[in-house]
Amino acid sequence: MAIREVRELGDEILTKRSKEVKEMTPRVKELIDDMIDTMYEANGVGLAAVQVGVLKRIVVMDVTGEDLVVMINPKIVETSGEQTGQEGCLSVPGKAGQVTRPNYAKVLYLDRDMKPAELEGTELLARCICHECDHLDGKMYVDLVEGDLVDVHYDEEEEEE
Amino acid sequence: MTKGEIKINTRAIVLDVLLAAEKEGRMTGLLIHDVLDQYAFLPARDRAFIKNLAEGTVERRITLDYIIDRYSKVEVSKMKSLIRCVLRMSVYQIVFMSSVPAAAVCNEAVKLVRKRHFNNLTGFVNGVLRKISSEKINLEEIEDLSVRFSMPEWIVKRFREEAGDERALEMLKSSVGTRPVYIRTNCARISPEELKVLLTDEGVSVEAVEGVSYAFRISGFERLYDLKSFNEGYFSVQDLSSMSVAELLKIEEGMKVLDLCAAPGGKSCHAAEILKGSGVVEARDISSGKLEKIEENISRLALQNLELKVSDASQVDETAIDSFDRVIADLPCSGLGVIGRKNDLKYRIREEDINTLAELQRRILRNAAKYLKKGGIMVYSTCTITKEECSEQAEFIEKELGLKKLEEKIFYQIPDGPDGFYAASFKKDL
């Protein structure tokens, strides 16, 4: 288990396009494991490889705490509807902003064994799919925010009580 | 990505507002307005808590500091800014917000202090707050009126001098807590009876006002901008006292009216409504920024006969001499009549400002009288109660400017009624 350093807004790597993963290697496996640890440790619901400084098209997500998904070379093939709500990003700590996203998204990808798979999501999952896939093309949610970014005062201690 | 639903600490937001007010010296009202805009996505309950706590803490600052000083070894004025703000907002919750349990207030305060890295002071904050919450604090027992109503001493003294002890107490009472909201029907568009029905249908409670047929007192709504009848331009918010200005003017259809310091435009719009599309109201103010506020109102109220002009009222405008039937001179003033609506005004205004303001008023009045046609009527008004800015100016207008006083209305603010206001009408005979 290893926690990797999360790159923050302003780091140029976040604006770059990530490259397709051609084969599963021990290094890629280790990267995926580290991404999962890093995401959980930071209380995130999704993380793209570029956020830990690796330009590979890999995303890990878990929007409920019980549904971990690892997506390699994900491609959104269908979206519909609209949702407007708050989202944040581990690369923009302490902030959140209002973003309009599709309310439904369908994505094709390769799983950890490089087998084709597909996933459909609505609401938070659809939002997360779109947010993470944007990262792979060098796009950040801050450019989509309607109005201002707001400061988020996380109430960490409240959760311990 | 991080989760959409974010836990937001409303007290931390209020703390940031209070700290910014101390550091930047910006008006708290504007800071609160901005922060509510920024957190527009929060549930109404949280937004109301932020607003009430921030406004209340500012409004009761003198009272809160007095209470804290009684229980703290360190004087409020000598504390670190962060500790001072946390204590003030916490004591406000303990004393004035009965729905918040005192134990929660102490815990939240300690958390805030720790999170802002003043770990060594958490014990101090906790100690002071526990002591205060274990006492029953009865405001009525505080004899010093300045402390009880959180009003600078010189203003308390002024209120008593200008209005007498009995009225002064009412004025002080009306300076804290919520003020009533009065509206003026846009009679050019709708009748008061029809408006009352519309508002009631929208869930607003509407009360008639004695003596003013087109005015109502409304309550039970969250934001004006949510009301269709407001967006349609069927009414404007205006204090009862301010409505007296257009009344005193005795406007007749087809007249040319000048409003010298018009922003935010309530009196200009009222005049334009009385003209029912005829004549013209020229609304002036010193900057285009100020006039923008009037522009919003013009389009909302759908007024055709209101024109805007950027102009400094203290400079003579030769082109306007002898050319208006009516002139509104509602001039910059100390604002002692509207303290209850502007929560930190009372701490900002200084007694020595009054003479400077009175001088500016006289300068503008000299010009205002010139713009009036022979036989025309001018109304001079201010939202204050000092003799320098009210009765003495009326004397000045009669003696120095040669106008004849027709009527005079003096409002002293009362808790369940209008703001403090002065308005007098004058006729130009020569």
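Predicted model: local features only at pLDDT ≥ 70, side-chain atom pairs only at ≥ 80, totals over all residues.
## Domains of chain B

Chain B falls into two parts: domain 1 covers 10-142 and domain 2 covers 244-427. Taken over C-alpha atoms, the centres of domain 1 of chain B and domain 2 of chain B are 38 Å apart.

## Two helices that cross in chain B

Let's begin with a helix pair. Two packed helices are described by the angle between their axes and the distance between the axes. For helix α1 (residues 10-24) and helix α3 (residues 44-59) of chain B, the axes come within 9 Å and cross at roughly 35°. The crossing of α1(B) past α3(B) is right-handed.

Which residues meet where α1(B) and α3(B) touch? From α1(B) come B:Thr10, B:Ile13, B:Val14, B:Val17 and B:Leu18, and they meet B:Asp46, B:Phe49, B:Ile50, B:Leu53, B:Ala54 and B:Thr57 of α3(B).

## An enclosed helix in chain B

Helix α13 (residues 266-274) of chain B is largely enclosed by the rest of the structure, because 9 of its 9 residues are buried. Among them are B:Lys267, B:His270 and B:Glu273, along with B:Gly266 and B:Ile274. After α13(B) comes B:Lys276, which has a positive phi near 50°.

## A hairpin in chain A

Over in chain A, strand β6 (residues 104-110) pairs with strand β7 (residues 116-122) in the antiparallel sense, over 7 bridges. Here A:Leu110 stands opposite A:Pro116 of β7(A). The hairpin of β6(A) and β7(A) has 5 residues between the strands, and A:Met114 takes a positive phi near 60° in this hairpin.

Conventions
Residues numbered from 1 in each chain as written. Chains lettered and ligands numbered in written order. Domains from an automatic or database assignment. Pairing = 2+ DSSP bridges. Helix = DSSP H or I, 4+ residues; strand = E, 2+ residues; numbered from the N terminus. Buried ≥ 20, exposed ≤ 12 C-beta atoms within 10 Å, placed from the backbone. Axes fitted to C-alpha atoms, helices over the stretch in contact; angles between N-to-C directions. Left-handed = near helix turned anticlockwise from the far one by under 90°. Contact = placed C-beta atoms within 7 Å.
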